[in-house]
Amino acid sequence: MKAVYCIGLNAWPQMEMREIATPEPNPGEVLIRNEAWGVNFVDYLMCQGGYQLRPDPPFIPGMESAGRVAALGEGVVGIQIGDAFMAGHRPGAFAEETCVPVERLIPVPGGMYMAEAAGFRSAFITAYHGLVQGGRLQAGETALIHGAAGGMGHAAVQVAKRLGATVVATASGKEKLRAIRSMGADHAIEYKDGFRDAVKELTNGRGADVIFDPVGGDVFDESIRCLNWGARVVIVGFTAGRPALAKTNHILIKGASVSGIRAGEFGRRNPEAAAQNLETLQSWAAAGDIRTHISHRFPLDGIEDAFRAIADRKVIGKAVLTRGA
């Protein structure tokens, strides 16, 4: 089978396609024949050596895939050959076949295409955890979603809307603004002109109740000037490249809070709550209330093109690799 390897951690990742033996599942694992793979900013960052999880090259990158069960390991019950699953990896996704522990499998909801499934897991689980456990978002509140055209951002727009919030979303460029409106955002704001005044005007001077921030840097700095009383700021990442320093005077005056979220670690420490989150997301997806938006598709050996699209900020929603793309 074919697999993508990162062979060097550099500003531009060194990637290589290799032919390797198909693995055999260990007890408690299944062999998945992947049909699609989600490509995330985290994958690009990991292959640069800039992520907190830093495997030594050569390694197979990729955190999520979707496919069908091809073989069962010893002791696996309740799963049939041919069943469709999303799979989580730490890393190791970007291969035609992968062995996955059953606890990292999520059934693909009915009506969801494999490409959508491959890009669903990390984005929507993070968005839901960030807004519900991190931001305690309530129906009728205003959610300010940054990076709204990105992987996590486009999921957060949909989740916030499904939770009954008024969604103010920020992005860059007319195409991205149109896209996030089509995903349910009530208001879409261009980054480059700043957003504080617009947020204040749209909320009649109150500010946002929950701010979902995967961007950091200057965006976080300006967000602190957009707080309603009791606001919750949820830190998801730093795609801008610079972790921000919170101005505690603003936080104090507004009775606000700032919290960081890590959906994977939350799931490991709180498996029952994570399972409830996932059950809700699967029901919403099956009903068609939320879905993965895919702007770019590439074949498995097009991983560098996918990384380039991410680096150039061209992706809206998700980029995916698919068989036969």
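A helix here is a DSSP run of H or I at least four residues long, and helices are numbered from the N terminus. With that in hand, Ile303 lies in helix 11, which covers residues 303-311. Before I go on: this is a predicted model.

Let me stay with Ile303. Is Ile303 buried or exposed? The cut-off for buried is under 20% relative accessible area. Ile303 has 4% relative accessibility, so it counts as buried. Setting aside neighbours within four places in sequence, Ile303 is in contact with Val4, Met15, Val39, Phe94 and Leu321. For a sense of distance, take Gly255, which is 48 residues from Ile303 along the chain. The C-alpha atoms of that pair are separated by 45 Å.

Val39 touches Ile303, and strand 3 is made up of residues 29-39. Why call strand 3 largely enclosed by the rest of the structure? Because nine of its eleven residues are buried.

Which strands are joined to strand 3? Strand 4, residues 64-72, runs antiparallel to strand 3 and is joined to it by eight bridges. Within that pairing, Arg33 has Arg68 of strand 4 as its bridge partner. Strand 6, residues 97-101, is also antiparallel to strand 3, with five bridges between them. There, Ile32 stands opposite Thr98. Strand 15, residues 318-322, is antiparallel to strand 3 as well, and four bridges join the two. In that case Trp37 faces Leu321 across the pairing. Leu321 is also one of the contacts of Ile303. As a general point, side chains in a regular strand alternate between the two faces of the sheet.

Ile294 sits in strand 14. The relative accessible area of Ile294 is 18%, so Ile294 is buried. Apart from neighbours within four places in sequence, its contacts are Ala115, Glu116, Ile316, Lys318 and Val320. Ile294 and Val320 are 26 residues apart in sequence, and their C-alpha atoms are 7.2 Å apart.

Ile294 is also part of the lining of the second largest pocket. How much space lies in that pocket? About 160 Å³. Along with Ile294, the lining consists of Tyr113, Ala115, Glu116, Gln158, Ser182, Met183, Arg291, Thr292, His293 and Arg297. Two elements give two or more residues to this lining, helix 2 (114-118) and strand 14 (294-298). By residue type, the lining divides into four nonpolar, four polar and three charged.

In what order do its strands run? The order is 10-9-8-11-12-13, six strands forming an open sheet with parallel pairing. Strand 10 (187-190) and strand 13 (257-260) are at the edges with a single partner strand each, so one side of each has no neighbour in the sheet. From one strand to the next, the twist averages 20°.

Thr142 has 6% relative accessibility, so it counts as buried. Beyond the neighbours within four places in sequence, Thr142 is in contact with Thr166, Val168, Thr203, Ala208, Asp209 and Val210.

Back to helix 3. Its buried residues include Ala123, Phe124, Thr126, Ala127, Tyr128, His129, Gly130, Leu131 and Gly134. After helix 3 comes Arg136, with a positive phi near 50°.

Last, helix 10. Asn277 lies in helix 10, residues 271-286. With 9% relative accessibility, Asn277 counts as buried. Which residues does Asn277 touch? Not counting residues up to four places away in sequence, they are Tyr128, His129, Gln133 and Phe266. Tyr128 and His129 are among the buried residues of helix 3. That is what I have; questions are welcome.

Terms used. Residues are numbered from 1 along each chain as its sequence is written. This is a predicted model: local features need pLDDT of at least 70, side-chain atom pairs count only at pLDDT 80 or more; totals for chains, interfaces and linings use all residues. Side-chain values use heavy atoms; hydrogens and water are left out. Buried means under 20% relative accessible area, exposed over 50%, partly exposed in between (1.4 Å probe, protein chains only). Contact means heavy atoms within 4.5 Å. On a 1 Å grid over the protein atoms alone, a cavity is a set of points where a 1.4 Å probe fits but cannot get out, and a pocket is an open set with protein on both sides within 12 Å along at least five of seven lines; lining residues have an atom within 4 Å of a point. Grid points are joined across faces, edges and corners, and a volume is the space filled by probe spheres set on the points. Ala, Val, Leu, Ile, Met, Phe, Trp, Tyr, Cys and Pro count as nonpolar, Asp, Glu, Lys and Arg as charged, and the others, Gly among them, as polar. Two strands pair if DSSP finds at least two bridges between them. Axes are lines fitted to C-alpha atoms, for helices over the stretch in contact, and angles run from 0 to 180 degrees between N-to-C directions.
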